[in-house]
Amino acid sequence: MNDTQRESLQARGVHTLLAQFTDMHGVAKGKYVPLAQLDELIETGAGFAGPSIWGTGLPRTGPRAEYYARADLGHPIDPLPWQPGYARVVCDGFVAGQPFEACPRQVLKRATARLAERGWQLKTGIEPEFFLLQKQDGRWVPADAGDRLDKPSYDLKSLPRKAAFLHALQETLGGWGRTVLQLDHEDAHGQYEVNFAYDEALASADHLMGFKLAAQALAEREGWVFSMMPKPFANQPGSGLHFHVSLWDLKDPAHGKGLFSPSADERAQGHDLSLLGRQFIAGVLAHAPALCALAAPTVNSYKRLVVGESLSGTTWAPAYVAHGPNNRTATVRTLPGRFEWRLPDASANPYLATAVLIAAGLDGIDRGLDPGPACTEDLFALSLGEIRQRGIPLLPQSLAEAVEALASDEVVAAALGPVLHGEFLRLKRDEWLSYARHVSTWELERYAATF
């Protein structure tokens, strides 16, 4: 089979493989491997110095110092249109011949295996929002200088100026077999969104990493920076990474039974989701503070997760732990047979975010949790006092708060595994400390000559 695959790739002009894995921060890493070494990449993997990879916690010496990225042929090998002759191979992390527990893709595989034991499969549709930026006079600005509307969402004046880039991105994803549903200008200057069809959870995360590689390369070709920074501009909305989530019965021969779909009686009672679906989102809400550390994993993330006026009138990011039918102001927006998890931002590692989402949802099912009454109000329109009167909890308001919630959440910690959990806490505490000690221009302007 490997010979056939090698010959097929060679016939398509491929001479080099990009052995790609993902580090703790959700950044693609890898190296080039000649096509002739495909067997070695499948059987042993490409070798890397383990301590050079964020989040591994591997030693500098001994047999466990080496990290191997081993090809997973369950994901198709994707030629890179912007780099003729090269093709991407999605890899898993192995150490000492065994699946490496702190590899983010292995973490998600463990989570999906828990679902498979019950005969279930999670499917996600991930919606990446991003900015196209450039440096001007030492400042980051939108790559389109004419993009200036106060409410730029769906703008058909600026969108055509980036049509060539977006079309190239669409063609690349389509060539890889991904179904692109739509592309649009989002609600901030220089911000865009690409939606592709939902898929099995691991495949969706793989697709997102491929999307990032393609978008980065295509933007760089134009002299722009493709940015998934959550909140680059203080007065404008940030970039989300919304997950549309559904659960399916693998025992159904056609995989056609959605386990979150409500019965006729449940629909008559006003429910968008089945009892199982409501228990799942109850788990997601119960573990929201810890999930926040993985779904909003940077200092900058918490400048998105606030309620307040932006240039366009709203932030579109949740700040409160709540759920509601088609309610985009809540953490969980319920829809018939599925829900949208609106907490993640563009900097989230898709493998880790999905893995902890599964762990939280299964805990909700296993404990028979109730998500509480659905919220139909516009939460952005309520005062903090009104939110408190309704007993609606706040999401963490800083990375430090989210990380401490993660430190004490046994369910989410177990999903990550002790190595990755410990490394994540250590690195994110260091990130917060570095930020807390930084003296900003804002502070100098406000305080230098004040006292």
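This is a predicted model: local features need pLDDT of at least 70, side-chain atom pairs count only at pLDDT 80 or more; totals for chains, interfaces and linings use all residues.

Me: Which residues lie nearest the centre of the largest pocket?
Reply: Start with the volume, which is about 760 Å³. The lining of this largest pocket holds 41 residues. Nearest its centre are Glu127, His244, Arg328, Arg333 and Glu340.

Me: Which element gives the most to the lining of the largest pocket?
Reply: Strands S8 (120–136), S10 (180–185), S11 (191–196), S14 and S17 (338–341) each give two or more residues to the lining of the largest pocket. With six residues, the element that gives the most is S14.

Me: Is His244 buried or exposed?
Reply: His244 sits in strand S14, residues 241–249. Buried means under 20% relative accessible area. His244 has a relative accessibility of 11%, so it counts as buried.

Me: What polar contacts join the side chain of His244 to Glu127 and Glu340, in Å?
Reply: Take the two glutamates in turn. Both Glu127 and Glu340 are among the residues in contact with His244, leaving aside its neighbours within four places in sequence. The side chains of His244 and Glu127 are joined by a polar contact of 3.1 Å. For the side chains of His244 and Glu340, the value is 3.3 Å.

Me: Which residues lie closest to the centre of the second largest pocket?
Reply: The second largest pocket has a volume of about 560 Å³. Its lining has 23 residues. Closest to the centre are Val27, Ala28, Lys212, Gln216 and Phe226.

Me: Which element gives the most to the lining of the second largest pocket?
Reply: Strand S2 (28–34), helix H5 (201–221) and strand S13 (225–227) each give two or more residues to the lining of the second largest pocket. By class, that lining divides into 14 nonpolar, eight polar and one charged. With five residues, the element that gives the most is H5.

Me: What is the relative accessible area of Cys91 and of Cys103?
Reply: Take each cysteine in turn. Cys91 is buried, at 2%. Cys103 is also buried, and its relative accessible area is 2%.

Me: Where is Ala96 found?
Reply: Most residues other than glycine have a negative phi. Phi of Ala96 is positive, near 55°. Ala96 is found in the loop between strands S6 (86–95) and S7 (98–99).

Me: Is Asn326 buried, partly exposed or exposed?
Reply: Asn326 is not a glycine, yet has a positive phi of about 50°. Asn326 is found in the loop between strands S15 (323–325) and S16 (332–335). The cut-offs are under 20% for buried and over 50% for exposed. At a relative accessible area of 46%, Asn326 is therefore partly exposed.

Terms used:
Residues are numbered from 1 along each chain as its sequence is written. Side-chain values use heavy atoms; hydrogens and water are left out. Helices (H or I, at least four residues) and strands (E, at least two) are DSSP runs, numbered from the N terminus. Buried means under 20% relative accessible area, exposed over 50%, partly exposed in between (1.4 Å probe, protein chains only). A polar contact is a pair of N or O atoms within 3.5 Å; within protein, one must be able to donate a hydrogen and the other to accept it, and residues adjacent in sequence count only if both atoms are side-chain atoms. Contact means heavy atoms within 4.5 Å. On a 1 Å grid over the protein atoms alone, a cavity is a set of points where a 1.4 Å probe fits but cannot get out, and a pocket is an open set with protein on both sides within 12 Å along at least five of seven lines; lining residues have an atom within 4 Å of a point. Grid points are joined across faces, edges and corners, and a volume is the space filled by probe spheres set on the points. Ala, Val, Leu, Ile, Met, Phe, Trp, Tyr, Cys and Pro count as nonpolar, Asp, Glu, Lys and Arg as charged, and the others, Gly among them, as polar.
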